[in-house]
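Please examine the model shown below.

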Amino acid sequence: MREKILEIASEMFLNLGFKSVTMDDIANEMGISKKTIYQHFDNKIKLVEATTDYVFHFICTGIDCIRAENKNPIAELFQINTFIKQLLKNEKASPQHQLQKYYPRIYKKLKANQFSIMHDCVIENLKTGVKLGLYRESIKPEIIGRFYFLGATGIKDQDLFPPDSFSPNDVVDLFLEYHLRGIVTKKGEKELMKYINQIN
């Protein structure tokens with residue numbers, strides 16, 4: 001039951017927002033009593049924290065599976081990009097913004113976890129890309145990795161990219177292209193164009 005609560009709560013929080021969804025809403029959606037939810041989570045804060053961990057670990061597992069396929073680094077980034085877009089395709093309520101505003105402690109913890117995982121993943125991707133001649137040897141992975149993290153989290157800011165004006169999918173795709181165009185070699189550019197042409 002705990003896993004099912006996390007699954008439904010995660011979907012509702014992403015769709016409707018952490019602030020908007022109540023424990024009653026989740027209970028009604030599941031057809032259970034609110035008391036049943038409280039048997040597993042003491043309060044809404046505990047549930048919000050558990051759902052952010054749940055989604056984060058689900059994403060990490062998916063990314064690990066993609067990385068285990070040992071594709072070239074450009075293909076890997078595009079596959080991860082597609083996975084994330086599919087997972088969050090119904091996200092409407094800017095959950096990152098709401099977490100930051102209403103649950104700052106949980107947001108801070110999540111951001112630290114995101115940086116740790118994403119940074120390691122990007123650094124390895126960058127180093128492999130250099131070895132394969134797809135990325136320029138002159139890039140500085142530790143700096144580029146932080147640039148990437150700032151960009152990947154910054155594009156979720158709905159004040160900068162209001163979804164009524166900017167398609168979230170377009171923003172995500174263009175950010176990845178922007179990142180890669182800044183680091184690829186001529187060989188890497190040919191590989192990059194294969195994936196850009198598939199999207200367009």
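The model is a predicted one, and the description below should be read accordingly.

Helix α7 covers residues 104–131. The helix comprises 28 residues, and the distance from its first C-alpha to its last is 40 Å, close to the 40 Å expected at 1.5 Å a residue. Its buried residues are I106, Y107, L110, H119, C121, V122, I123, N125, L126 and G129. These buried residues pack against several other helices, namely α4 (44–67), α5, α6 (95–102), α8 and α9.

When residues up to four places away in sequence are not counted, H119 touches Q114, E142, G145 and R146. Of these contacts, E142, G145 and R146 fall within the range of helix α8, residues 141–154.

F78 belongs to helix α5 (residues 73–87) and Y195 to helix α10 (residues 186–199), so the pair ties together parts that are 117 residues apart in sequence. F78 and Y195 are both buried.

Another aromatic pair is formed by Y148 and F175, with 5.3 Å from centre to centre and 45° between the planes, an arrangement that is tilted. Y148 lies in helix α8 (residues 141–154) and F175 in helix α9 (residues 168–181); the two residues are 27 apart, and the pair links distant parts of the chain. Both Y148 and F175 are buried. Helices α8 and α9 are also among those against which the buried residues of α7 pack.

How confident is the prediction, and where is confidence lowest and highest? The protein averages a pLDDT of 92, and 97% of the residues score at least 70. Confidence is lowest in α6, with a mean of 85, and highest in helix α2 (residues 23–30), at 97. Where pLDDT is low, predicted coordinates should not be read in detail. Helix α6 is also one of the partners of the buried residues of α7.

Methods
Residues numbered from 1 in each chain as written. Predicted model: local features only at pLDDT ≥ 70, side-chain atom pairs only at ≥ 80, totals over all residues. Heavy atoms only, no water. Helix = DSSP H or I, 4+ residues; strand = E, 2+ residues; numbered from the N terminus. Contact = heavy atoms within 4.5 Å. Buried < 20%, exposed > 50% of the residue type's maximum accessible area, 1.4 Å probe, protein only. Phe/Tyr/Trp six-rings, centres within 6.5 Å; stacked < 30°, edge-to-face > 60°. Expected span 1.5 Å × (residues − 1). pLDDT = per-residue confidence, 0-100.
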